[in-house]
Structure formats: C-alpha cells, structure tokens
Amino acid sequence: MIIQGIGIILILSATTLCGFAFAAREKYRLKELGEIERGILLMKNQISYLGTPLTELLEQISWKTGGITGQAFQEISAKMAERQGNSAEEIWESIWLRLGKKSYLSAVDLEELLAFGKTLGFIEKEQREGSMDMLLHYLREQQESIKKRLEKNGKLYYSMGVLSGLLLVITLL
Amino acid sequence: MQSLAEIYKLLPNDIEKRLKNEVFQRNEQIQEIRLRANRPLYIKTNKRKYFFSDENGAFMITHRHMKEAVEKLGGYSLYAFEEELKQGYLTVSGGHRVGFCGRAVLEEGSVKTLRQVSSLNIRVAGEIHGCAESWIPYLFENNRLCHTLIVSQPGCGKTTLLRDIIRCLSYGIGCEEMYTVGVVDERGELAAMKDGVPQMDIGPCTDVQENCPKAEGMLFLLRSMTPEVIAVDELGKEADFLGVEELLHAGVTLISTIHGYDMDGIMRNKKINRMLGEMEKGRILFLSKKWGVGSVAEIWDTFGKKQYERRDGA
C-alpha cells in the first residue's frame, strides 16, 4: 500500500513536472528570441547611423543583452578581434552552432540566424538592412505565435501533465 | 626581425600558416606583401623581391583568398570603411597600409566603392628608431627649428623618417629643448593609434588628431593644442596647402612629406612653390632608396642653396 502510494506520487509529480517543463521551454525560447531581437535592433541602428565596426559593435551589444545572445555576441566579437576565421559568416556560424545546442532555440530559429550570418558585414546598405529586417520579421513572428500558444495552451500544458499522470495511475491500478 | 604576427593574422588562414613558416635572412625586413588574384603571392623585403613558393611550387592566390583577405583586413565590417575603400586604401592596426585595386562602382561620375578586389598591397609600416637623429641638426638655423619638407618618390621612407623626426623633437633628441608636436594622422600611419594610444613611438609631447582631413586637422590642432610643431604626411590637395598657409601665418613650424623627385621638379609645382615662398626659413630633404629606406640624399634650404649632399661611400 505504502509502495503504491509512493509510486502514485512519483508518477503524478513526474508528469506534472513534464507539463511545467513544456510550458517553461516555450517561455524560455520566447525570452531568448526577445533578446536576439533586441540585439539585432541595436546592431541595425549602430551600423546604419554610426557605421561602427562589428567587433566593437558586438562587444557593446553583449553588455546590453543577456543570456545566450550576450554570450554569443561576446564570443563572436572576441573571435573577430583576433581574426580567428576567414569570414564573418564562418565565425558567426561556429559560435551559434555551438551555443545553439545549449539554448531553447529551435532548429528553424538557428537556421534563420545562420542565414543572417551570411550577409554579415556586407557593404551594400540595402542588402544589409534587408537581411536584418528579414531576421527581425521572423523573430517577431515567432514571438507572437509563442505568446498566442502560451495564452491559449499555457494552462493546458500544466493540466495535461497532471491528467496524463492520473490516467497512467488509473491504468496501472 | 620585425614582429609580423599582427600582419599575418589579417591574411587568410592558409596564407598565414605558410608565411609563419617562411624563413627570412638576418636583418631582413618585409616591406610589401602583394596578393593578386590567380597570380603568385609576392613578397618584397629590404633585401629581395620574390614570389612565395612552398613544396608544391609557386603559391597561387585564388579569388577565395582575395575575398577572405578583404574581409579580414576590413575587420569583417567593410561598411565601416567605405570612405577608405573609395580612396583605395585602408590603414590597419599597427599603421600598415593596405592598398586595394579592383572594379570601381561609380555614382554620379565619382567612385562610390570598390568591388571584386583583384589586387592587394600590404605595405608594412617600418619604424626605424634613430633614422632621423643625424639629420636633426640640419633642421635648425640659429637655434631655430625650420619648416621641413621631406621629398621623395613612393617607398623611399618619407613616413618612416617623418615619424622619427617627430619622436626626436618630442623627446628633445638633438635639440636644446623638447617640442610640443601636433600630428595630423589622416590615414593612421604615423602614430597607428589604437584606443587612443599610439602604437608607434612618437614621443611624450606629441598630440595626435587622427582620421581627420589634413587642412581641418592642422587648424583644429592649432586652436586646441597650441603646438610648436605640426607634422602631416603627404601634402597634395589644394585644401592641404591652404591649411598650411594659415599655419605658417600662425608661426607654427611645419614638418611634412610630399611626393617628388628633385628640386627642379618641386619648384615647378605651383602649389609647393607658393608654399615655399611663404616659408621664412625652410629645409627640403630629398630621400633616395640608394642607401636604404629613409636615407637622405640631399638637403636644400628654401632659398635654393644646397646644405648637404650624400655621395657614394658616405
């Protein structure tokens, strides 16, 4: 009886935690996308109006952004300063591929970021700004859809966790 | 041997690796590294000129190398150097000058930028401590520092000599006192400033106005730093000479470089002639490659009198 009780509690808490984790994952992704958006916006303004070189610019932005974005910008800036790569794209890609694995970003988010890296440092103003706008558009769209999903399904994730636990317990009993 | 790590890291990785393994002779100094698409890597030192080769023969520069070199030299941010690209050169960390050649993009008849860079020339900035020391006494007349023009063809060491004259005056080497020197470093070659600190030794009493057109820079220094001497590299534009005129009227001593070959040649140049006419006391130093970079062949005063002439064996 006691063992059964412990089992029930364990199953219920595990499935509830899964529900929480699922909702939290979306929230963390939302936060990371928001930070990247902020970083790219700062980048756009600094490049368009001040023409600040990437090394200096990314370092400055890394102080103003948190989480994975701050870390990525910091590392990219350091690598660029040391000229540890044949192109900006190569450096941008290597850092995001490594840090992306530790983040909550989806594979598509990473793909978009890598595609943006291909145009980094371009001399043509229109091309440069166009690629930044495209990335910003994607980031905003994703954030919107996550927010909507969380609003709509946020409570559902928690209750699904508890209910699936209960279902498992009843089936096992 | 000069420290070349700074320059090598600006080149594509495979060129960097190869150059790092290159063995140079004792006292041999690289002066130029030239990259030309689909042609071999060219190196010029103070002792020889040659095409770089490895175990597979002459090392060929590909289009990819050119693209990567331009990206690295421009700090991956070519947009930040649009103005420099328009002029055809860029000064990188350490004061080294990189010349570009490629396809010009025109806008309303003038060059907007360069595309498809086909040739790159990295001119290694040479800092030769002491190369000016023996010439400092010639720059004085009755204990008064004269306006000085350093004249030569490209590649004879005008900038190197000018930098060392600045250093000597700033430290007071060969003079009775230290001079407050203002430097207008339009291309960043004289002082090679990095985060507000000169990377070259230009002396303790030197103020640098960097990245500023010469004419404006001279007047700016005149107003803000009250220099005794103002040094500028490569006077050429009409505006530069107008700036110099104001400077001469203000009683500041000018030390500058100019492209030229001999006294007759520079006297035929109206702008230079007019400027020399404005100078009360001046010295014109002609350099020659014959005795090595930065060696003075002749010294004239502004009245057309030869003060010094170097002869073979001197």
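Q: Leaving aside its neighbours within four places in sequence, which residues is Asn121(B) in contact with?
A: Those are Glu32(B), Ile33(B), Arg34(B), Arg97(B), Val98(B) and Gly99(B). Contact means heavy atoms within 4.5 Å.

Q: How are the labels set, and what kind of model is this?
A: Residues are numbered from 1 along each chain as its sequence is written, while chains are lettered from A and ligands numbered from 1 in the order in which they are written. This is a predicted model, where local features need pLDDT of at least 70, side-chain atom pairs count only at pLDDT 80 or more, and totals for chains, interfaces and linings use all residues; side-chain values use heavy atoms, with hydrogens and water left out.

Q: What are the scores?
A: The model has ipTM 0.76 and pTM 0.73. Chain B averages a pLDDT of 88, and 98% of its residues score at least 70. pLDDT is the predictor's confidence in each residue, from 0 to 100.

Q: Back to Asn121(B). Buried or exposed?
A: Asn121(B) counts as buried because its relative accessibility is 14%. Buried means under 20% relative accessible area, exposed over 50%, partly exposed in between (1.4 Å probe, protein chains only). Asn121(B) lies in strand E8 of chain B. Helices (H or I, at least four residues) and strands (E, at least two) are DSSP runs, numbered from the N terminus.

Q: Which sheet is E8 in?
A: An open sheet of six antiparallel strands in chain B, in the order E3-E2-E1-E8-E7-E6. Strands pair if DSSP finds at least two bridges between them. Strand E3 (49–51) and strand E6 (89–92) of chain B are at the edges with a single partner strand each, so one side of each has no neighbour in the sheet. From one strand to the next, the twist averages 30°.

Q: How many bridges join E7 and E8?
A: Ten, between E7(B) (residues 96–107) and E8(B) (residues 110–123). Arg97(B) has Arg123(B) in E8(B) as its bridge partner.

Q: What helix packs on the sheet?
A: Helix H3 (residues 63–73) of chain B, which touches E1 (30–36), E6, E7 and E8 of chain B. Its direction makes about 100° with that of E8(B). Axes are lines fitted to C-alpha atoms, for helices over the stretch in contact, and angles run from 0 to 180 degrees between N-to-C directions.

Q: New topic. Why is E11(B) largely enclosed?
A: Six of the six residues of E11(B) (residues 147–152) are buried, so the rest of the structure largely encloses this strand. His147(B), Leu149(B) and Val151(B) are on one side, with Thr148(B), Ile150(B) and Ser152(B) on the other.

Q: Which strands does E11(B) pair with?
A: Five bridges link E11(B) in parallel to E18(B) (residues 282–288). There, Ile150(B) has Leu285(B) as its bridge partner. E11(B) also pairs in the parallel sense with E17(B) (residues 253–259), over five bridges. Thr148(B) is partnered with Ile255(B) there.

Q: And chain A: which residues touch the most other members of the largest nonpolar core?
A: Ile40(A), Met43(A), Leu54(A), Phe73(A), Met80(A) and Trp96(A), out of 36 residues. A nonpolar core is a set of buried Ala, Val, Leu, Ile, Met, Phe, Trp, Tyr and Cys residues joined through side-chain atoms within 4.5 Å.

Q: Which element gives the most to this core?
A: H6(A), with seven residues.

Q: What do the buried residues of H3(A) pack against?
A: Helices H1 (2–50), H2 (54–64) and H4 (88–100) of chain A. The buried residues of H3(A) include Phe73(A) and Met80(A).
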